[in-house]
Amino acid sequence: MSNFPFLSVLTVAPLVGALVVALLPRSRPDLAKLVAFGWSLLVLVLSVVMWFAFSTGGDRFQFRESYPWIPNWGVNFTFEVDGIALVMLMLIAILVPLVILASWHDAEASKRSVPAYFALLLVLECTMIGVFAAADVFLFYVFFEVMLVPMYFLIGSYGGHQRQYAAVKFFLYSLVGGLFMLAAVIGLWVVGGKTFDWQTLSQAEFATDTARWLFLGFFVAFAIKAPFFPFHTWLPDAGGAAPAGAAALLVGVLDKVGTFGILRYCLPLFPEASRWFAPWALALGVIGIIYAALLAVGQNDLKRLVSYTSIAHFGFIGVGIFAFTTQAGTGAVLYMLNHGLATGLLFLVVGMLIARRGSALISDFGGAGKLVPVLAGVLFFAGLASLALPGTAPFVSEFLVLIGTFTVNKPVAVIATLGIILAAAYVLWMVQRTTQGTLNPALTEVEGMRRDLTLREKVVVAPLIALIVLLGFYPKPVTDVINPAVQATMQDVGKSDPAPEVGSVQEAAK
Amino acid sequence: MTELKLPSIDYAALAPILIMLGAALLGVLVEAFVPRRLRNVVQLGLALVAMLAAIVMVILNADDRLITVGGAIAIDGPTLFLQGAILVLAVMALLLVGERTVERGGAFVAHAAVTAESAEDRRQAEGVGGATEVYPLMSFAIGGMLIFVAANDLLTMFIALEVFSLPLYLLCALARRRRLLSQEAALKYFMLGAYASAFFLFGVALIYGFTSGIPGRGAGVDFATVHAAVTESPSSPVLLFAGMALLAIGLLFKAAAAPFHVWTPDVYQGAPTPITGFMAACTKVAAFGALLRVFHVAFAGASWDFTPVLGAIAVLTMLVGAVLAVTQTDIKRLLAYSSIANAGYLLVGVLAPSREGLSGTMFYLAAYGFSVLAAFAVVTLVRDADGEATHLSRWAGLGRRSPFFAAIFTFILLAFAGIPLTSGFTSKFAVFGPALEANQAWLVIAGVLTSMVLAFPYLRVVVMMWLSEPGESTPTVTVPGALTSAALVIGVLATLVLGVVPGPLLDLTTGAAEFVR
């Protein structure tokens with residue numbers, strides 16, 4: 001079974017689906033939706049098969065495929081995944097069908113072509129899968145850049161208030177990062193012996209200065225993508241303007257490309273530079289945690305608030321990566337998955353709420369729980385997951401990051417812990433102002449607010465809730481996949497976990 | 001009395017040049033003897049057949065590596081590749097020039113001598129068949145370009161420069177609409193072009209003076225002599241530097257590099273759009289072909305001296321093109337500034353003195369030519385009652401009115417912005433890689449930074465087309481005739497194919513990337 005070319009099929013399949021959907025006549029929107037949904041389910045099934053075909057105790061990289069592309073430059077279509085990428089692929093495969101289902105009526109609101117919306121979603125899925133499956137730096141770069149185009153049109157054509165501004169800002173920020181990376185990619189190619197193969201490059205040695213510059217080129221691109229403070233300003237705009245489904249993918253998956261890129265490219269290719277820059281990266285992470293959480297507290301727009309929360313979460317992921325311990329690293333990767341599930345859920349639920357009210361402003365709500373109790377309950381759950389309540393999946397990852405960091409860098413861990421308190425503040429306050437308290441009389445006059453979750457919406461949120469709870473109590477299947485890959489990455493960086501200090505524990509016991 | 005020895009001439013190797021110049025002369029006769037109603041078809045057919053025949057001859061000569069006509073012409077890899085590129089791009093431009101269905105009578109004025117804005121002028125604007133002199137003029141220009149990239153001495157190069165420039169000046173003045181703008185553009189181009197030619201000629205004279213200093217060898221302006229002089233001459237290099245600078249000014253003017261670019265936006269805007277496309281594609285190939293030959297063959301020994309200066313010019317060109325493109329409100333001017341910035345990227349390739357650098361530059365030239373011609377082909381289609389609607393505000397909402405053409409134009413703009421899977425990305429990679437290898441990291445960084453700036457105007461057009469609502473004044477896209485469609489299809493396909501599978505063309509350019517001396 002492991003000989004099946006999973007990765008290339010997974011990459012190409014959504015693209016084919018997109019073409020099929022795009023060619024459907026504009027007058028048959030329902031058919032387009034069904035085809036798109038069916039197609040994404042097909043991709044999900046294939047991904048599940050691949051998940052089980054991946055042998056957890058086996059090689060770090062599996063399912064390698066390589067086909068020549070531009071022999072003159074040594075570019076190949078090389079695909080392979082390690083545990084980290086596999087987890088991300090699963091996240092994409094799970095989220096896309098749910099997003100398609102959740103945005104069933106989104107495109108109709110915009111007067112634009114409905115099939116085109118779903119075709120764009122599938123194109124986006126193709127590029128997202130490609131970016132995580134690529135093991136050729138050039139190929140990775142191609143997917144990294146092309147990914148912008150469908151997202152740009154999703155935000156720009158189907159988004160809400162200020163969509164043009166948000167779409168252009170998103171595109172330009174990402175493109176700027178991408179071009180820095182292009183310079184670094186070309187540099188890597190020149191000093192790395194004119195090859196783009198990840199395996200070969202990760203064995204190569206570079207001069208210290210060169211490696212630091214190249215690291216910086218990649219890091220800036222990934223930091224903009226993730227986004228880390230101070231490169232984050234595009235995300236609230238893009239997240240606020242994008243249709244809820246696209247926003248869930250943007251924050252849930254697209255942004256993970258940044259942190260994934262750091263783990264896959266920055267650390268193993270430039271270990272010395274990574275260690276050298278680590279204090280700076282940790283500082284950015286910690287600032288991001290506190291600063292974005294404070295801004296989130298002050299937001300009055302639901303989607304912007306969720307965007308800021310996720311910038312804070314990316315701070316945690318960044319801290320986890322640059323702490324250079326297996327625990328923190330595993331926590332960071334697990335966080336990438338859990339954040340995708342939790343924030344994805346939060347975005348989708350918020351989207352449902354906004355679609356009913358016709359407004360994203362928190363002040364337009366108030367006591368909504370009395371009208372739509374189930375929806376309010378789901379929002380509450382999503383909020384709790386997002387603030388990492390024990391028993392939900394994000395708790396496991398946040399905890400791993402913090403203890404993994406604490407062993408090597410106490411101040412950072414302590415400051416980051418403040419972020420948990422702030423998270424409680426912004427989530428609970430948001431929930432309180434929208435669904436609790438006295439009922440806003442204006443709400444009763446809105447037709448949509450009298451309708452609680454429909455069956456379709458329940459189908460959207462149920463799997464995410466189930467996964468968040470399941471992984472909250474039993475993360476082992478995922479950590480088993482992630483752990484070896486993270487360990488190997490930490491070895492590449494040349495950091496080993498600190499030995500437990502038995503002596504001090506005994507001292508304390510006395 | 002010494003006997004006059006005639007140099008041997010390899011007519012087969014010169015065939016493409018001779019075919020184009022022959023076709024141009026025939027075209028003049030056609031103007032005189034063929035009845036008016038048949039002229040357009042005959043001229044178009046003649047020019048097309050000549051270009052195709054020239055392409056066939058270039059392919060047949062593909063393995064030639066020789067110097068002929070007493071050292072005046074070098075037929076080698078770069079010559080043949082660039083000649084092929086010029087001819088293929090010229091065929092595309094010819095298809096646009098020959099289009100007569102988009103606008104009744106074509107894009108060219110019927111009688112260039114009629115006073116602009118007069119009653120007679122308005123009558124002829126209403127659909128009298130356009131002037132057919134454009135075909136022989138174009139053939140002359142192409143013939144000149146073919147010599148320009150093959151010239152192996154500076155004097156031949158100068159003559160070729162004039163042969164292809166003079167018809168271009170005329171062609172610029174022949175727009176059917178907005179004739180004053182067109183004539184102004186032509187005059188401006190002519191005046192500044194004449195200056196540039198004078199600079200070039202003066203440079204040739206100084207270089208001649210410099211070469212007279214080599215012991216045991218006569219003075220001359222052929223590249224072998226200049227090369228020998230640069231490496232061996234004991235005389236002071238003042239003449240060399242002055243000559244090199246003047247030559248470079250002449251060439252960089254044609255290449256539209258800053259600070260010699262000021263004519264570009266006005267001329268690109270005023271000239272009939274098919275001619276603008278022709279200039280943006282073919283003139284650029286010819287100018288850079290000559291730059292490559294002059295700096296890689298004749299002055300290779302002085303590369304330490306000219307690299308910093310040309311590098312500074314490259315950075316300036318990229319900056320000027322990118323920054324000024326941001327402020328443009330006219331699509332043709334925007335494309336003009338984009339073409340200036342692209343001249344900067346091409347200069348980065350010229351400054352990578354390796355086989356890969358040469359190959360990458362040639363790849364860039366061909367790839368850019370296809371995209372830019374396709375871009376101008378779309379510009380010819382977006383029109384209202386007054387001709388082309390080139391003001392950007394008029395393009396708002398075009399994506400709703402004509403999604404197909406807006407999608408094509410978006411694709412081309414993404415290519416210009418260097419998004420992967422388009423030729424714009426592969427060609428940037430092709431020049432930046434060798435430049436980095438040649439330790440010109442600063443040029444690559446400047447290139448990357450200006451690409452960011454340049455992405456903004458492109459994106460603005462995309463936003464205009466797709467994300468704005470169509471207004472009252474949004475024109476529709478005219479259904480293109482067969483000729484424009486063909487040009488458009490070639491351009492867009494080439495942009496896509498060179499972006500997805502650049503391998504074959506790269507093989508070709510790498511194989512061709514060696515000059516003969």
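Helices here are DSSP runs of H or I with at least four residues, strands are runs of E with at least two, and both are numbered from the N terminus. With that naming in hand, let's walk through this predicted model, starting where the two chains meet.

**Where chain A meets chain B**

The contact draws 34 residues from chain A and 36 residues from chain B. About 3200 Å² of area is buried between chain A and chain B, and carbon and sulfur atoms give 78% of that area. On the chain A side, the residues that lose the most area to chain B are A:Trp73, A:Leu179 and A:Ile186, which together make up 18% of what that side buries.

How many salt bridges are counted between chain A and chain B? The count is one, and the partners are A:Lys194 and B:Glu437. Polar contacts join three residue pairs across the interface of chain A and chain B, with both residues of each pair at pLDDT 80 or more.

Several elements of chain A build its side of the contact. Strand S1 (62–70), helix H5 (137–146), helix H6 (148–158) and helix H7 (163–191) of chain A each bring at least two residues to the side that touches chain B. H7(A) gives the largest share of that side, with 16 residues. Sorted by class, the side of chain A that touches chain B holds 24 nonpolar, five polar and five charged residues.

**Salt bridges in view**

Over all chains, the structure holds 20 salt bridges. Two of them are set out here.

| Salt bridge | Closest N and O atoms |
|---|---|
| A:Lys194 and B:Glu437 | 3.0 Å apart |
| A:Asp492 and A:Arg60 | 3.2 Å apart |

The pair of A:Asp492 and A:Arg60 links distant parts of the chain, 432 residues apart. A:Asp492 sits in helix H21 (residues 476–493) of chain A, while A:Arg60 belongs to the loop between helix H2 (29–53) and S1 of chain A.

**Backbone details in chain A**

Strand S1 of chain A also contains A:Phe63. Phi of A:Phe63 is near 60°, a positive value in a residue other than glycine.

The loop between helix H9 (208–225) and H10 of chain A is worth a look too. A:Pro227 lies in this loop, and the peptide bond leading from A:Ala226 to A:Pro227 is cis, with omega near -15°. A:Pro230 has its place in the loop between H9 and H10 as well; a cis peptide bond, with omega about 0°, joins A:Phe229 to A:Pro230.

H10(A) contributes A:Trp234, A:Leu235, A:Ala238 and A:Gly239 to the contact, and H11(A) contributes A:Ala247, A:Leu250 and A:Val251. Those residues divide into six nonpolar, one polar and no charged.

Helix H3 (residues 77–98) and helix H11 (residues 273–298) of chain B pack at an angle of about 170°, with axes 8 Å apart. The angle therefore makes H3(B) roughly antiparallel to H11(B). Among the residues of H3(B) in this contact are B:Leu82, B:Ile86, B:Leu89 and B:Leu96. The H11(B) residues they meet include B:Ile275, B:Phe278, B:Val285 and B:Arg293. By class, the contact of H3(B) with H11(B) has 16 nonpolar, two polar and one charged residue.

Terms used:
Residues numbered from 1 in each chain as written. Chains lettered and ligands numbered in written order. Predicted model: local features only at pLDDT ≥ 70, side-chain atom pairs only at ≥ 80, totals over all residues. Heavy atoms only, no water. Contact = heavy atoms within 4.5 Å. Buried area = accessible area lost by both parts, 1.4 Å probe. Salt bridge = Lys/Arg side-chain N within 4 Å of Asp/Glu carboxyl O. Polar contact = N/O pair within 3.5 Å; in protein donor to acceptor, adjacent residues only side chain to side chain. Nonpolar A, V, L, I, M, F, W, Y, C, P; charged D, E, K, R; others polar. Axes fitted to C-alpha atoms, helices over the stretch in contact; angles between N-to-C directions. Parallel < 35°, antiparallel > 145°, perpendicular 65-115°, else oblique.
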